[in-house]
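Here are my notes on the model you sent over. Have the structure open while you read.

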Amino acid sequence: MNFRIISALVLRYLFLYTRSPMRLVELVFWPVVDLVVWGNVTVFIQRNTNPAFGNEILFLLGAMILWDIMFRAQQGVAISFLEDVWTRNLLNVFVAPVRATEYVSATFIVGMLRITVTAVVLSLISWFGYSFNIFQLQWWLIPFFLNLMLFGWSLGMISTALILRWGQAAESLAWAIPFFFQPVVAVFYPVQDMPAWSQPIAWCFPPTYIFEGMRDVMKTGSMNWNYLGYAAALNILFMALAGWLFLWILNLTRKRGLLTKFATQ
Amino acid sequence: MPAPDDREIILEARDLTREFDGVKALDRFSFQLHRGEVLGLLGANGAGKTTAMNCLLGLTLPTSGDLFAFGLPLHQHRIAILQRANFSSAYTALPGNLLVGQNLLVFAKIYGVRDPKKKIAELMELLEISHLAKRVTGQLSAGESTRVNLVKAFLNDPELLMLDEPTASLDPDIADKVRKVVRKVQRERNIGILYTSHNMRDIEEVCDRVIFLHKGKIVCEGTPTDIVAQSSSTNLEDVFIKIARDGEIIDEPQKDKAP
């Protein structure tokens, strides 16, 4: 791994954001729309239910913000790759002395930067607009962020691998893949309230432990450490599998001569 | 018989074969490129030039055969080899939404160029495009874009350069300037260049030696002058057309007379 090359690739993405203010708007616009919708729903429920549940329902805002962290991490990887496809720059990168690991690392960093921007904006709006302070999660927030970011990166690598294999026809997957997981990772409701058949599936994915943990922390101020352990272990497994899939498909595209089609698409 | 070239071999293909769905795009293709030599790879569309170039760049893996650059197996030492090589094609673009200077700076940093801003300025001056540094890449004309791509290709002082139709879509004036710059830099820095083009003027002016491909196989090889002399044609363009249509450089009745 060469950090000079990673920083050069990150610089290329940062130039892109400075050259295109609409991209910065996009980074903030949809998360804010989501937050306002969920914020208003939360206020509506609070006003029409008993005070105890009304207080509890604030977890919807926490869930929405944490979900967005994961989604932005995935987008950071997948959209960065698509930027190179859209600008027909992919061949320039792959005929330069850039290792696949360096390329992916640069997209991880871009993902992290995107998360930071989004998280700051959402935290401020949720605090001032809906009296929800994400920092009530205290230090738990750090492992929550890290675990969701790791899972987002894994999904980003999977999305990128599929686009590499099937070309721009698979582009919509870059946006869709996280939402395949949303119903089963207990983002907005506890696992115990999910249908019985889906509960074992939920526990197979790291975000489930994080969202369950978040609700515990908001309710009791503490959480089961085992949740963090399971989430971290599963994340390592998913990162390894996603990394292997990405490298395997990259090699497959070289074997089948599919990589060059990105020059002319 | 030409004297053997004793310059260092910097790029070599041995029995390179590449099949796509059972069709051979390259069929036991072998060649050597020496340091300081410009080798033209010619052939009609579908002859195998682009496939060869893609294999040499590591974008496509050959079905069989071996590739070496600077004496190293390409597949195992791809990154080290690409650090000493570069590529420019009329068919790839630098990101259109960045400024020319930004694009070049990114690639200079990827290649680890010392004092990248100075290097970029020197090369842009050489290619007479200094005024483009602050222009948006996507708004350049074909000629300007080609020259920006060439600046990118020269950034790391490559020992090996692969140029895929660098003068495609250029007007004769700009094409002439591009040829002269490529030749000048190539001579000054003793670069080995693999050059593909459909423009025979390019080939005659730039290439020391050419290989004609037809259906993935080498039909003939030599200096442009030698090839015309071997053929039943009067110029390289006619040789090109003859090979594209018949797969041979000599008319049937003349074959018996040929040495």
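Which residue forms a salt bridge with B:Glu221?

1. It's B:Arg209, with the closest N and O atoms 2.7 Å apart (a salt bridge is a side-chain nitrogen of Lys or Arg within 4 Å of a carboxyl oxygen of Asp or Glu). B:Glu221 lies in strand β10 of chain B and B:Arg209 in strand β9 of chain B, so the pair ties together parts that are 12 residues apart in sequence. Helices (H or I, at least four residues) and strands (E, at least two) are DSSP runs, numbered from the N terminus. B:Arg209 is buried at 15% relative accessible area, while B:Glu221, at 37%, counts as partly exposed. Buried means under 20% relative accessible area, exposed over 50%, and partly exposed in between (1.4 Å probe, protein chains only).

2. Before going on, some ground rules: this is a predicted model, where local features need pLDDT of at least 70 and side-chain atom pairs count only at pLDDT 80 or more, while totals for chains, interfaces and linings use all residues. Residues are numbered from 1 along each chain as its sequence is written, chains are lettered from A and ligands numbered from 1 in the order written, and side-chain values use heavy atoms, leaving out hydrogens and water.

3. Have a look at B:Arg179 and B:Asp202 too, whose side chains meet in a salt bridge at 2.6 Å, N to O. This one links distant parts of the chain, with B:Arg179 in helix α6 (residues 172-189) and B:Asp202 in helix α7 of chain B, 23 residues apart. B:Arg179 counts as buried at 4% relative accessibility, and so does B:Asp202 at 0%. Both belong to one network of salt bridges with shared partners, which also takes in B:Asp176, B:Lys180, B:Arg201 and B:Glu205.

4. Over in chain A, A:Arg215 and A:Glu212 form a salt bridge with the closest N and O atoms 2.8 Å apart. They sit three residues apart in helix α10 (residues 206-220) of chain A, so about one helical turn separates them.

5. On to the contact between the chains (heavy atoms within 4.5 Å): 31 residues come from chain A and 32 from chain B. On the chain A side, the largest share, 10 residues, comes from α1(A).
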